[in-house]
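Good morning, colleagues. Please turn to the structure on the screen.

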Amino acid sequence: MSRPELAGTAGSPEGKAIPRQPPAELLTGLRRGGIIFPFLVLFVVLSVASGSFFTKVNLLDILDQQASTLIIAAAGTLVLIAGGIDLSVGATYALAGVIAADLTLSVPPLLAILAGVAVGLAVGLVNGVIVTVFRINSLIATLAMSFVVGGLASLVTGGNLIIAYSHPSFADLARTTFLSVNTSTWTMVIAVALIAVVLARTTAGRYMYAAGSNAEAARLAGVRVQMIKLVTFVVSGGAAALGGVIDASRVLSAQASNGETTLTFTVLAGIVVGGTSILGGEGAIWRTVVGVLFIALIGNGYDLLGLNPLYEQITLGGILLLAVGTDAWSRLRTG
Amino acid sequence: MTTPGPSRFQSAHVELRDVSKSFGGARALEGVNLQIGRGSIHALVGENGAGKSTVGKIISGVIPPDRGQLLLGGEPVRFRSPRDAISRGIVLIAQEMSIVPSLSVAENVFLGTEPRQAGFLRRRALSRRYSELAGTAGFELSGELNAGRLRTADQQKLEILRALCRNAELIVMDEPTAALSGPDVAALHEVIRRLTRSGTTVVLVSHLLGEVLQLADEVTILRDGHIVRTTAAAGQTEESLLNAMLGRSVSATFPARQRVGPDAPVVLSVRGLTAPGVSGVSFDLRAGEIVGLAGLVGAGRTELARAVYQAHRTAAGTVSLAGGERLTRRHRAGGPRAALRAGLAMIPESRKEHGLLPRRSVRENVSLASLGQLNRAGIVRRRPERRTVEQMLRRVDVRARSQAMPADALSGGNQQKLLFARMLLCQPRVLIADEPTRGVDVGAKRAIYELLTTLTADGAGILLISSEVEEIIGLAHRVLVMRTGQIAAELSGDEVTEAAILSAAFGATERGAS
């Protein structure tokens with residue numbers, strides 16, 4: 001134990017002028033503008049380093065591949081902002097995919113697609129009820145649900161790959177081109193834009209921020225905090241299912257091991273790298289879009305430049321730590 | 001005004017010399033001189049906010065003084081943390097206890113100083129040392145018990161044992177008996193006496209004047225951060241202590257009260273309301289009237305406010321608003337939302353925890369409760385929103401650089417006005433303001449008083465909770481004094497005096513005359 005200093009001998013640190021601390025402001029600035037600068041730098045570097053990067057084909061390809069991730073991440077942003085977290089999106093994605101693919105063998109594709117999305121909404125509703133009615137921590141609740149839902153997906157497939165090659169009309173959902181862009185990309189653009197408008201412009205969006213920022217204050221101001229949280233889980237479940245159905249449609253097949261935890265963590269990484277706080281109350285959809293694409297660019301860059309893909313994961317982990325660290329640190333400084 | 005400590009005790013264990021302390025503009029202590037004799041029981045008494053807990057915290061290293069010196073055994077010391085103070089034999093037992101519920105009593109007592117060998121706990125040595133310690137203190141408390149299951153009184157014993165095990169020579173106890181019942185109080189008193197017999201010094205911060213007179217050797221009375229006097233407890237009575245606590249050195253000015261006619265309609269009517277911390281409370285509030293709700297910390301004022309506002313589930317009773325709208329029965333699960341809709345608004349006690357959305361903008365904070373009127377088909381109408389918020393900010397005089405700045409960047413007073421702005425946008429007929437001036441500077445206080453008065457001029461009824469008796473006397477038409485969850489007294493007109501409020505709040509048998 002340190003002995004207390006005697007007053008007579010104390011006072012050495014008092015004379016020194018403490019310089020103002022630019023790092024705090026710099027950090028806040030970085031967090032606000034945030035991901036946009038590294039994203040632009042990476043974009044320019046890749047354009048210069050690889051001739052095949054800045055081409056219409058490659059860029060549209062990235063968007064198409066990221067369509068489902070972007071939809072799920074945009075909805076996940078709502079959950080995070082309202083103060084929750086959804087770890088069941090990977091499993092929901094798989095379940096919706098196999099159900100749609102399975103049903104398309106027997107019913108019209110549109111019905112199969114709707115059924116897939118409906119299942120996702122139902123999973124989201126169950127998540128929401130567990131979290132808001134039974135007040136179970138969302139991290140644990142959705143983790144548990146991810147096992148349940150993943151198990152259901154395996155039950156549907158019996159462990160097999162469901163192949164729908166015989167029903168090519170199912171692929172129309174993702175593969176139709178309109179203005180030389182795939183419908184999967186169009187669906188993504190519409191879904192993400194819709195979610196962005198809800199968050200930024202509607203009363204519901206405001207309530208999401210309020211619920212995540214200070215739930216008790218929001219409740220005392222008359223906000224139905226639990227209802228709002230529940231809605232974010234339903235949207236997240238629906239989005240995960242839409243993503244699963246789009247990807248199943250793209251490849252005309254689906255299996256229970258699709259997505260799994262990798263997807264869940266890629267989605268979360270994208271949201272957090274974009275600068276949405278894991279503590280709730282702060283964030284934006286554009287951030288998530290840039291965050292997800294940033295991660296996609298890293299992957300694309302490794303492919304195009306022929307780098308060892310083993311390092312890709314290490315890079316990603318480092319960037320994620322940096323993003324979370326900046327968030328935590330700026331909170332400490334500005335307290 | 002200050003009398004340096006006497007006398008009966010040979011040497012001063014701890015001495016404060018000209019100590020001052022402020023919390024963000026609010027002065028808690030001002031030029032305090034105090035000596036605490038070695039081996040004595042020294043009580044600190046005063047109203048809420050008089051500075052008695054602050055003295056305890058400075059002595060025990062929880063907070064440093066802004067100015068002045070702390071002397072330990074005549075030698076100036078500067079504690080940087082409670083840990084520093086503990087290493088010099090000074091321990092604080094706070095109102096909120098800090099036990100680890102999953103560990104046993106003995107493990108809690110020796111937490112951090114466990115007898116161990118190569119990283120392994122020596123259980124037998126632990127239990128032997130525990131019995132020795134409990135024996136010297138004269139406690140019958142098994143070391144094997146799970147600490148989380150202990151009753152409050154036993155938890156207190158645990159804290160005392162922990163202090164002793166750290167060789168505490170001076171123990172500061174902040175309201176040790178506040179949560180205890182009769183027999184436990186007596187037992188704790190016996191423990192405290194035994195401690196001093198073995199040479200330990202005890203500083204007792206207490207609201208209970210009877211307890212102070214029974215236990216203490218010396219009493220220091222504080223008022224407004226100043227020491228009124230330090231005397232031997234022997235010659236004092238509850239009345240003499242109360243009288244010394246009364247009266248204010250600084251007098252703030254209050255805006256003129258609005259007249260309330262005898263036929264003013266009742267806007268809030270509470271009957272037999274029972275909820276956690278509140279039992280069977282009934283009162284009426286008229287249009288244009290400010291009713292002050294006074295009482296000590298823990299008397300149930302905030303609990304009553306929250307129950308009326310439907311923030312808590314209520315067990316029994318009704319809350320009705322003008323027009324006979326009954327909240328408790330009709331909107332059982334409606335909560336604050338139903339209250340707000342019916343025209344009842346509340347400014348919560350704790351700005352940070354229950355009011356502010358910290359990192360959201362000023363605009364979002366103000367419009368939060370009124371978005372229902374500021375949208376078209378669910379889309380926020382941003383221009384009307386900006387205009388409405390602008391008007392309201394001007395009305396409550398919030399000084400913000402812009403509506404887009406984060407609310408937590410505002411000063412305390414402006415944050416409080418921002419919460420007023422949020423609630424006033426809902427155009428309440430009844431406003432409950434729970435400690436609306438806590439931690440705000442003098443200018444903002446005056447502005448908030450004006451706001452409250454203006455509201456009543458517009459016909460709203462206000463229930464004002466404040467720990468500053470002067471504020472209640474200066475603003476309220478009528479005063480309800482709470483004690484142990486019930487209304488102990490209702491005072492109006494000439495009856496509203498500091499003496500009457502305090503004696504009702506303290507539950508003194510006879511009213512202290514001033």
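This is a predicted model: local features need pLDDT of at least 70, side-chain atom pairs count only at pLDDT 80 or more; totals for chains, interfaces and linings use all residues.

Residues are numbered from 1 along each chain as its sequence is written, and chains are lettered from A and ligands numbered from 1 in the order in which they are written.

Let me begin with two helices (DSSP runs of H or I, at least four residues, numbered from the N terminus). The axes of α3 (residues 56-81) of chain A and α11(A), lines fitted to C-alpha atoms over the stretch in contact, cross at roughly 175° and come within 8 Å. With angles over 145 degrees between N-to-C directions counted as roughly antiparallel, α3(A) and α11(A) are therefore roughly antiparallel.

Among the residues of α3(A) that meet α11(A) is A:Ile71. Beyond its neighbours within four places in sequence, A:Ile71 is in contact (C-beta atoms, placed from the backbone, within 7 Å) with A:Met188, A:Ala191, A:Val192, A:Ala239, A:Leu242 and A:Gly243.

Next, the contact between the chains: chain A contributes 28 residues and chain B 34 residues. On the side of chain A that touches chain B, α9(A) gives the most, with six residues.

Finally, the domain assignment, automatic or from a database, divides chain B into domain 1 (12-97 + 169-245), domain 2 (100-149) and domain 3 (266-358 + 429-506). The centres of domain 1 and domain 3 of chain B, taken over C-alpha atoms, are 32 Å apart.

Terms used. Two residues are in contact if their C-beta atoms, placed from the backbone, lie within 7 Å. Axes are lines fitted to C-alpha atoms, for helices over the stretch in contact, and angles run from 0 to 180 degrees between N-to-C directions. Angles under 35 degrees count as roughly parallel, over 145 as roughly antiparallel, 65 to 115 as roughly perpendicular and the rest as oblique.
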